[in-house]
Amino acid sequence: MEVRSMHFKARAGAAAADKALQAKLSTAKGLFVEGRKRAVAEIDLEATREASKAIRDTCLADLDVWLERFEQEATKRGGRVLWARDGAEICRLVVDIARRHGVKKAIKSKSMLSEEAGLNAALEAAGVEPVETDLGEYILQINGNEHPSHIIAPAIHKTKEEVAELFERVHHRPRKTDIGEMTREAREMLRAHFLSADMGISGGNFLVAETGSVALVTNEGNGRMVTTLPRVHVVITGVEKVIPTLEDLATLMRILPRSATGQTISNYFSVLTGTKRPGDTDGPEHHYFILVDNGRVGLVGSDFQDMLRCIRCAACMNHCPVYQTIGGHAYGWVYPGPMGAVLTPLYVGIENAIELPHAATLCNQCGVVCPVKIPLPDLMRKLREQQVERGLRPWGERAALRLWSWLARHPGLYALAAKLGVRYLNWLAEGEDRIRVMGIAPSWTAGRDFPAPEGRTFRELYKTNRRDR
Amino acid sequence: MKVGLFVTCLVDLMRPRIGFAALRLLEAAGCEVVVPASQTCCGQPAWNSGDRRAARLLAEKMIAEFEGCDYIVAPSGSCVGTIRTHYPELFADDAAWLERAAALGSRTYELADFLATVAKLDKLPGDFTGTVTYHDSCSGLRELGVKAQPRALLAKLPGVTLTEMNGAEECCGFGGTFSVKFGEISARLAEKKCENMRASGADAVVLGDLGCMLNIEGKLRRLGDERTQVLHIAEVLAGEA
C-alpha cells in the first residue's frame, strides 16, 4: 500500500473538524469499549495479560526456533511454507501460486498483510480476480478499492445509509434499510464467488508451532468458506504470529476476542491443520503459508521488540482519543491508532512518518488496555528520541527546545525569562483574563482561548512574601 | 517532616496562587516546607520531545535540589509522573544516578495523593460551596493511581457536592506540545471534555494538573461558558477558590 503518512497533519486537521465521522466512530467506540469492559470482567484480567505477554515474549526470544518448528510440522501435514521479505515478494509468491494452479478467481478473508503488500492490485494485473468476502472489506472493495480505516472494522467510517446507497448502485437492487437485509444481500452476491473461486487467501491470527496449524478468529463465517471451499488455500501472515503450543493458543484466545469486540469467544474460531485427507469432505488440496518479514525481523532484539507482541485486537485504537477524533485514514498506511503510530514508522521508515509518533497525548489509555502489555506511549517516545538523534525534527522546534532547556539549567536567567514571558502574555491579554489570539502559538488560539497568567510569577511573589514574614 | 515543594514551571508562570495554596495545605498538615529557589523544570517537555540529553541534565538538577527532603510534593500529576516513572528510565545506564533517581522517586508525591495518603490531612481550610466534578488527569491516574485521593479530600469539605461526569478518565487533549502541534485535534478533545463537564451540571471542574486546566478553561471560555469554574484541587482545599 502506498504510504501517505507524511500528509498526516493536513488530513488529521480536516478529520478533526468532521463531526459526522466522529459520530460514526463514537457509536463503534461505545460498542467496543463497553463490550470489552464487560468481557474482561469475566476473567482475571491482569493475570491473563501477564500470561499472554509471557507467551509472546517466549516466541520472540527464539523466533527462529519456533518458525523452523512450525515449518517442519506444517510441511509434515502437507503444507508448503514460503518466506517473503517484503510486500513485493508476497505479491510475486501469490501470483506464482495462482499461475501454477490455473487460478482465475481468489476469494479473500481479512488479511492486513495483503494490505501491506497491495496484493489485490497485483492479482488483478496478473489476470486473477480478487474478491473480498469480509463484509467490511467487501464494502470497501466495491467502493473503488477504498482503504480500511480500522483493523477489525474496516468500514467503520461508513454509515448504514452510505452502505445502502452503495449497494443499490453496485448491486442494482432496490435499496434496503435494514442491516440484516443488507447483509443478506451481500451474502447472496458473495455466494456465487465462494462457489466459483479456485483459491482462498486468508490472514492468520496465530501460527501454532507444535501442530503446524493456523488459527483464525472471525465473526462472519466467510473465513471458513475461504479456507475450505477452494482447492488452494494461501495463508499470509507475519513471522511474529507464531506461538509454541495449542495450550498457548487457548490462553491467548481468552483475551483476544474480549479485547477486540468484547466477545467471550468469536462467532467462529478455526484451527486449520494440513491439506484435505482421503475421506475428508472439504478442505484445500494445496495449502500454502507465506510468512512475511516486511520489517518485522529487524525489530527482534531492538528497542521496539515489544511491539511484535501485538495480536491485532484494535483495543488501542478503540480507546484512543486521537483515533476517535480523526479516524484511521489520516494515519496514511495500513495500521492506524497507537499501534499504527509505532508500526508505521518502523515498517516504512521513520523519515516517512515523522508526525505519527507525535500524534498522541501520551495519555496511556492504549497501554492500560493492551492485552499483551505493549508500552505504546514509551515506544512512541523512543521513536521521538530517534528523530531527535537523527536530526529529523524541524529546525525551529530544535532551537526552541535547546534554548528552553539551557535556560532551565540557569535559574537566574530562567527567572528573568519567566518574568518577562508573563508580562508579555499579559500584554497580549489586553487587560482581559484570556488571550484570544496568540502569535507564538496560533494553533492553540485557533480553537481555544489561552488563559492569561495571574500577573507575577510564583518566584517573584514568594521572594516578597517571605521577606514580609 | 521536611517537605520540598516543587512548584512546577506552569504554576510558577501561570497560577502562582496554586503554589501558595499547596504551601498552605502542606503547612496545615504540619510539614516543614522548603521551596528550593533554584528549581525550574523537571525536564518533562524534553523527555516527551525525545531530547534525552536535555531531560537527563534537568533530572540531575532536580535530584540534587530535592534529595535532602523527606518528601517532595508537586501540584501536578504529570511532573510527579516524570520523576517517579520516567527518571529511572533516563538513568538506566548509570547505577549511581539510578539509585539516587529511584530514591527521590519513591518520596515524590502528587499533592492530593500526599495529603490523603502520607499526611492524612483531616481538617481542611477550604470552604468552597457548590457542586464539583473531578477531571482525572492522564499521568496522575494512569502513572500514579491518583483517583480516590482527591475525591476523598473533596468529600471532607461540607459545602462540596461531588458529581461524576461521563468520561472523567478520558484525556482532555492537552498532551504538552501536542496541544500546539495538533491544535485542531487537541481543541476538539477539549470540547468533548467540556460537553461532558457541562452535562454533569457541576458549578466547577476540579483537577490536579495545570496543562489540563489551561486547556479546559481556554475551551470553556471560547465556547462562551463564563460560568463553569476551572479550579485546581489545591485552591479548593486551601480555601482560595
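Me: Domain bounds come from an automatic or database domain assignment. Which domains does that assignment give in chain B of this predicted model?

Reply: The assignment divides chain B into domain 1, covering residues 2-117, and domain 2, covering 125-238. Over C-alpha atoms, the centres of domain 1 and domain 2 of chain B lie 22 Å apart.

Me: How many residues of domain 1 of chain B are in contact with domain 2 of chain B?

Reply: With heavy atoms within 4.5 Å as the criterion, 28 residues of domain 1 of chain B meet 22 residues of domain 2 of chain B. About 2,000 Å² is buried between these two domains of chain B, and carbon and sulfur atoms give 68% of that area.

Me: Why is the pair Glu217(B) and Arg15(B) called a salt bridge?

Reply: The rule asks for a side-chain nitrogen of Lys or Arg within 4 Å of a carboxyl oxygen of Asp or Glu. Between domain 1 and domain 2 of chain B the count is 2 salt bridges, together with 8 residue pairs in polar contact, both residues being at pLDDT 80 or more.

Me: Which elements supply the side of domain 1 of chain B that touches domain 2 of chain B?

Reply: Two or more residues each come from α1 (9-13), α2 (16-28), α5 (77-90) and α7 (111-118) of chain B. Of these, α5(B) gives the most, with 8 residues. By class, this side of domain 1 of chain B holds 13 nonpolar, 9 polar and 6 charged residues.

Me: What describes the size of the interface of chain B and chain A?

Reply: The accessible area lost when parts come together is often used to give the size of an interface. Chain B and chain A bury about 5,500 Å² between them, with 59% of it on carbon and sulfur atoms. In contacts, 64 residues of chain B meet 64 residues of chain A.

Me: What makes Glu385(A) and Arg52(B) a salt bridge?

Reply: The closest N and O atoms of Glu385(A) and Arg52(B) are 2.9 Å apart; the limit is 4 Å, so the pair qualifies. Across the interface of chain B and chain A the rule finds 8 salt bridges, and 30 residue pairs are in polar contact, both at pLDDT 80 or more.

Me: Which helix gives the largest share of the side of chain B that touches chain A?

Reply: Helix α11 of chain B, residues 183-199, contributes 9 residues, the largest share. The residues on this side of chain B comprise 27 nonpolar, 16 polar and 21 charged.

Technical notes. Residues numbered from 1 in each chain as written. Chains lettered and ligands numbered in written order. Predicted model: local features only at pLDDT ≥ 70, side-chain atom pairs only at ≥ 80, totals over all residues. Heavy atoms only, no water. Buried area = accessible area lost by both parts, 1.4 Å probe. Polar contact = N/O pair within 3.5 Å; in protein donor to acceptor, adjacent residues only side chain to side chain. Helix = DSSP H or I, 4+ residues; strand = E, 2+ residues; numbered from the N terminus. Nonpolar A, V, L, I, M, F, W, Y, C, P; charged D, E, K, R; others polar.
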